[in-house]
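Kindly read each point with the structure in view.

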Amino acid sequence: MKLVIAIIKPFKLDEVRDALTSVGIHGMTVTEVKGYGRQKGHTEIYRGAEYAVNFLPKIRLEIAVPTDRVEKVIDVVSQSAKTGQIGDGKIFVTPIDRALRIRTGETDNDAL
């Protein structure tokens with residue numbers, strides 16, 4: 001089992017969710033986060049004063065999947081989240097040692 005973590009632009013969330021649902025991925029955790037990478041923020045003008053926005057709003061998706069589905073999930077997320085502009089995001093994959101569905105007691109792949 002693997003945990004796919006994707007950091008994407010907020011306006012791409014519905015498109016990514018729909019794409020994942022179409023390939024049979026029905027569960028994920030979504031968190032509103034702020035951060036920066038190479039983009040390094042930007043400046044904005046508010047009421048005539050210029051100020052720096054160092055942390056940009058992003059969406060963090062966490063998707064637990066069986067190991068054999070990881071490549072498909074990465075492909076779907078990267079294609080549906082891509083705008084071709086700086087700040088499109090990143091995808092990380094980490095191992096999951098154990099999973100448990102609290103309600104039923106199912107474990108590992110059955111719990112996903």
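**Note on helix packing, core and sheet**

1. Glu 15, Val 16, Ala 19 and Leu 20 of helix H1 are in contact with Val 73, Val 76, Val 77, Ser 80 and Ala 81 of helix H2; contact means heavy atoms within 4.5 Å. By class, this contact has 7 nonpolar, 1 polar and 1 charged residues. Helices (H or I, at least four residues) and strands (E, at least two) are DSSP runs, numbered from the N terminus.

2. The model is predicted: local features need pLDDT of at least 70 and side-chain atom pairs pLDDT 80 or more, while totals for chains, interfaces and linings use all residues. Residues are numbered from 1 along each chain as its sequence is written, and side-chain values use heavy atoms, leaving out hydrogens and water.

3. The largest nonpolar core has 17 residues, and Leu 20, Leu 61, Ile 63 and Val 73 have the most contacts inside it. Such a core is a set of buried Ala, Val, Leu, Ile, Met, Phe, Trp, Tyr and Cys residues joined through side-chain atoms within 4.5 Å, where buried means under 20% relative accessible area (1.4 Å probe, protein chains only). H2 gives the largest share of this core, 5 residues.

4. An open sheet of 4 strands runs in the order S2-S5-S1-S6 with antiparallel pairing; two strands pair if DSSP finds at least two bridges between them. Strands S2 (29-35) and S6 (89-95) are at the edges with a single partner strand each, so one side of each lacks a neighbour in the sheet.

5. S1 and S6 pair over 7 bridges in the antiparallel sense. Phe 92 in S6 is the bridge partner of Ile 5.

Notes. Ala, Val, Leu, Ile, Met, Phe, Trp, Tyr, Cys and Pro count as nonpolar, Asp, Glu, Lys and Arg as charged, and the others, Gly among them, as polar. Buried means under 20% relative accessible area, exposed over 50%, partly exposed in between (1.4 Å probe, protein chains only).
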